[in-house]
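Hi,

Here is the structure I promised to pass on.

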Amino acid sequence: MKVKVTINGVAYERDVQPRTLLAYFLRESCGLTGTHIGCDTSSCGCCVVVMDGGRAVKACAMFAVQADGHEIMTVEGLANGGTLHPLQQGFWDQHGLQCGYCTPGMMLTSYALLKQNPNPSEAAIREGLAGNLCRCTGYQNIVKAVQQAAEKMREPVSAR
Amino acid sequence: MIPAAFEYVRAHSPDEALAQLQKHGADARVLAGGQSLIPAMRFRLARPAVLVDINGISSLDYIRVTDGTLSVGAIARDSAVEHSSWIADRKWSLLHDVSRVVADPVVRQTGTIVGSLCHNDPAGDWTAAALAARASVVVRGKSGARTLAIDDFLVDSFTTAVSDGEMALEVRFPVPDDRSAGSYQKVERKVGDFATAAAAVQVSLGADGTLRTAGVALSAAGPCAVRVDEAERLLVGQKPGADLIRAAAAAAAKKSAPQGDLRGSVAYKKNLAGVLVARGLRQAFERLGVKI
């Protein structure tokens with residue numbers, strides 16, 4: 001089946017089997033390996049991407065054909081050229097990662113969360129990330145990273 | 001874990017979806033949120049030959065309250081209920097509670113209420129809530145639509161009254177009166193895990209302070225969610241009190257018929273079902289301003 005998906009602003013047209021999961025489509029058909037596959041059964045959140053600008057989805061529980069005609073944002077779409085996205089900078093500054101495996105999913109879930117709620121409480125961040133598992137950090141620094149990013153993203157663009 | 005091959009069909013209207021479902025009969029499944037179906041296909045627990053994707057049918061994406069009924073369309077997401085403006089009213093507290101503990105916040109942005117009912121997982125959340133809230137489901141097929149009480153809709157594990165060539169279009173919840181409240185109590189090992197046990201409770205009080213109606217249901221307590229009719233009978237007509245709560249909880253523990261697994265033994269889960277019904281009743285009464 002032919003699918004046309006806009007990923008990080010770039011149109012990708014590919015011929016896929018309907019059973020191809022979005023996570024595998026991104027990694028294997030499009031070469032965007034920043035989207036990680038963890039549990040493969042929608043439990044861990046490693047594969048989260050953002051659909052149509054604001055909805056976080058687990059790419060292992062969605063078929064690529066379902067993304068036909070839609071926009072997907074992956075971790076590769078966060079940075080603007082050489083400038084890290086405030087979420088990436090937050091994870092860097094606050095040591096929000098150790099092995100880094102869960103990080104793309106953490107950042108994309110946070111991206112959607114901050115779109116919906118630019119000024120979340122600590123509890124709202126923890127709740128929003130409840131579907132993303134991390135085995136290294138103990139989560140404290142991930143929460144701090146998102147808090148830092150949220151603050152940065154609330155500033156007017158000129159002040160960044 | 002790649003699903004078995006299937007044919008993918010995108011429906012743009014309920015009629016189109018039904019035509020496809022009737023064409024393919026037992027080989028076809030509806031794809032709504034897919035948050036249960038797709039993992040099941042990956043485990044090869046489900047191997048539909050045809051998937052009819054209804055996500056493009058925008059006319060099924062609604063949540064509306066009319067004529068004393070809350071209607072939720074087939075592709076309304078869990079998160080849409082969770083973030084509805086009316087949900088904070090105590091009479092909707094059962095649905096509010098459920099909408100915040102189904103799977104995890106990301107899955108809830110894709111998963112649907114009707115899809116969850118159709119999946120009818122023994123440990124599902126919406127199934128128990130629908131029983132306690134006395135919901136009904138609108139099912140459409142070749143010869144028109146029929147409305148089924150949720151008790152008749154839920155048949156067995158992963159089985160509903162939806163026949164081949166039919167689809168569930170909507171779930172309806174009666175709007176509870178103002179002196180109503182509910183509660184959903186769930187014990188899970190981690191966010192997103194299936195319930196070890198869960199209890200849904202919905203009550204309303206009459207002018208004299210006695211219980212006018214009561215709905216009590218359990219999840220992870222049998223082949224599919226189960227109504228605790230004995231607890232409901234005990235509650236109706238009585239004044240809320242500690243002894244009454246104990247009796248209802250005992251009825252729930254008795255009714256619970258769980259499977260022992262890594263989440264707990266049969267004895268533990270039966271006991272837990274009673275504990276959760278007691279907690280749920282206490283919370284519902286508290287929400288109604290009744291001190292026990």
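**What I found**

Before going on, some housekeeping. This is a predicted model, where local features need pLDDT of at least 70 and side-chain atom pairs count only at pLDDT 80 or more, while totals for chains, interfaces and linings use all residues. Residues are numbered from 1 along each chain as its sequence is written, and chains are lettered from A and ligands numbered from 1 in the order in which they are written.

**The sheet in chain B**

Strand 6 (residues 136-141) and strand 10 (residues 167-174) of chain B run antiparallel and are joined by 5 bridges. Strands and helices here are DSSP runs numbered from the N terminus (E, at least two residues, for strands; H or I, at least four, for helices), and two strands pair if DSSP finds at least two bridges between them. Both strands belong to an open sheet of 5 strands in chain B, ordered 4-5-10-6-7 with antiparallel pairing. Its edges are strand 4 (63-66) and strand 7 (144-149) of chain B, each pairing on one side only. From one strand to the next, the twist averages 25°. Helix 1 (residues 14-24) of chain B packs on this sheet, touching strand 6 and strand 10, and its direction makes about 125° with that of strand 10 of chain B. For the angles, axes are lines fitted to C-alpha atoms (for helices, over the stretch in contact), and values run from 0 to 180 degrees between N-to-C directions. Contact means that the C-beta atoms of two residues, placed from the backbone, lie within 7 Å.

**Chain B as a whole**

Chain B has 11 helices and 14 strands. Its radius of gyration is 19 Å, close to the 19 Å that the globule rule gives for 292 residues, so chain B is as compact as a globular protein of that length. (The radius is taken over C-alpha atoms, and the rule is 2.2 Å times the number of residues to the power 0.38.) The C-alpha trace of chain B spans about 55 × 45 × 35 Å along its principal axes.

An automatic or database assignment supplies the domain bounds: chain B is divided into domain 1 (7-53), domain 2 (61-174) and domain 3 (180-287). The C-alpha centres of domain 2 and domain 3 of chain B are 19 Å apart. Between these two, 26 residues of domain 2 of chain B are in contact with 26 residues of domain 3 of chain B. On the domain 2 side, helix 4 (93-99), helix 7 (126-132) and strand 8 (154-156) of chain B each supply at least two residues, and helix 7 of chain B gives the most, with 5 residues.

**Where the chains meet**

Which element of chain A gives the largest share of the side that touches chain B? The contact takes 23 residues from chain A and 22 residues from chain B. Strand 4 (55-58) and helix 4 (122-128) of chain A each supply at least two residues of the chain A side, and the largest share, 4 residues, comes from strand 4 of chain A.
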